[in-house]
Amino acid sequence: RRITQILEVPFDALTMEEAVEKALGFLEDGGAHYICTPNPEIVMEAQKDHELMEILRKADLVVPDGIGVVWASRYSEIVLKERVAGYDLTQNLFRAIENTEHKVYFFGGAPGVAATAARKMKKVYPGLRIAGGHNGYFDAEEEKKILADIKKAAPSILLVGLGAPKQEKWIYEHLTETGAKIAIGVGGSFDVMAG
Ligand code: UDP
């Protein structure tokens with residue numbers, strides 16, 4: 001990996017196209033991976049939240065969701081090539097896995113939002129396979145059911161929209177259990193897709 005550190009957060013110096021290629025590789029190599037897309041606020045938050053910093057440092061792919069992060073790399077040896085926003089990366093992945101065996105699970109957002117987002121994305125990418133979805137408001141009991149539902153749905157890609165850093169922590173704790181090949185924290189993306 002070609003990495004540049006911004007306040008100790010390791011960003012991959014990749015274009016959007018390269019990031020998509022890398023993610024598609026994750027779908028094929030048999031492992032479980034997670035992708036983080038920190039914006040400047042999250043980089044700052046990681047300075048005081050050590051658990052978040054550790055999660056970012058262990059991620060399989062970290063791309064800059066914000067031009068401020070790209071600018072911050074300007075005088076580094078390895079310069080970030082462009083902004084790779086989580087929302088755009090997700091859209092590009094949808095396009096890339098359309099009409100393949102790979103399914104996507106939408107987890108997060110207010111009740112109904114994930115389902116609407118999935119339905120709208122299916123209109124934009126008709127060959128997209130939806131594994132399932134669930135809203136992002138749950139207690140411990142409900143969380144067990146959600147995990148069981150994800151496992152049963154067997155998505156290749158698990159999108160987690162619980163807001164940062166809650167989603168990153170959730171992914172870190174549960175990724176292996178979900179069986180997904182890739183998990184991505186997508187923030188408020190479901191609201192945008194559903195809108
Ligand atoms: N959310 C959720 N469960 C929670 C808290 C938040 O599903 O316990 C969802 C919320 O409905 C929204 C998203 O997480 O869809 C947070 O969006 P926001 O834009 O605030 O997050 P960011 O993109 O800044 O991480």
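Me: Is Ser156 buried or exposed?
Reply: Ser156 is buried, because its relative accessible area is 7% and buried means under 20%. This is a predicted model, so that value is computed from predicted coordinates.

Me: Where does Ser156 sit?
Reply: Ser156 is in the loop that runs between helix H7 (140–153) and strand E7 (157–161).

Me: And which residues does Ser156 touch?
Reply: Not counting residues up to four places away in sequence, Ser156 touches Leu27, His102, Lys103, Ala180, Lys181 and Ile182.

Me: What pLDDT does the protein average?
Reply: The average is 98, and 100% of the residues score at least 70.

Me: OK, the ligand. Which residues come nearest?
Reply: There are 13 residues around the ligand, and those that come nearest are Gly109, Gly136, Ala164, Lys166 and Asp191.

Me: What classes make up that shell?
Reply: The shell has 7 polar residues, 4 nonpolar ones and 2 charged ones.

Me: Which backbone atoms lie by the ligand's oxygen atoms?
Reply: Gly109 has a backbone N or O atom 2.8 Å from an oxygen atom of the ligand. For Ala164, a backbone N or O atom lies 3.0 Å from a ligand oxygen, and for Gly161 that distance is 3.2 Å.

Me: How much of the ligand does the protein cover?
Reply: On its own the ligand has 550 Å² of accessible area, and the protein covers 62% of that.

Me: Back to Ala164. What is the peptide bond from Ala164 to Pro165 like, cis or trans?
Reply: That bond is cis, with omega near 5 degrees. Pro165 is in the loop between E7 and helix H8 (166–178).

Me: New topic: where is Asp65?
Reply: Asp65 is in the loop between strand E4 (61–62) and H4.

Me: Why does Asp65 count as buried?
Reply: Its relative accessibility is 19%, and buried means under 20%, so Asp65 counts as buried.

Me: What does the side chain of Asp65 make a polar contact with?
Reply: With the side chain of Arg83, at 3.0 Å. Arg83 is also among the residues in contact with Asp65 once neighbours within four places in sequence are left aside, and that list includes Thr37, Pro38 and Gly86 too.

Me: And Leu128, buried or exposed?
Reply: Leu128 is buried, with a relative accessible area of 0%. Leu128 is found in the loop between helix H6 (113–124) and strand E6 (129–134).

Me: Which residues is Leu128 in contact with?
Reply: Leaving aside neighbours within four places in sequence, Leu128 is in contact with Phe94, Ile97, Glu98, Val104, Met121 and Lys122.

Me: How far apart are Leu128 and Glu101?
Reply: In sequence they are 27 residues apart, and in space 9.3 Å, C-alpha to C-alpha.

Me: Where are they, and how exposed?
Reply: Leu7 lies in the loop between strand E1 (3–6) and strand E2 (9–12), and counts as partly exposed at 46% relative accessibility. Asn99 is in the loop between helix H5 (86–97) and strand E5 (103–108). At 63% relative accessibility, Asn99 is over the 50% limit, so Asn99 counts as exposed.

Key
Residues numbered from 1 in each chain as written. Predicted model: local features only at pLDDT ≥ 70, side-chain atom pairs only at ≥ 80, totals over all residues. Heavy atoms only, no water. Near = heavy atom within 4 Å. Polar contact = N/O pair within 3.5 Å; in protein donor to acceptor, adjacent residues only side chain to side chain. Areas by Shrake-Rupley, 256 points an atom, 1.4 Å probe, with all protein chains shown as cover. Nonpolar A, V, L, I, M, F, W, Y, C, P; charged D, E, K, R; others polar. Helix = DSSP H or I, 4+ residues; strand = E, 2+ residues; numbered from the N terminus. Buried < 20%, exposed > 50% of the residue type's maximum accessible area, 1.4 Å probe, protein only. Contact = heavy atoms within 4.5 Å. pLDDT = per-residue confidence, 0-100.
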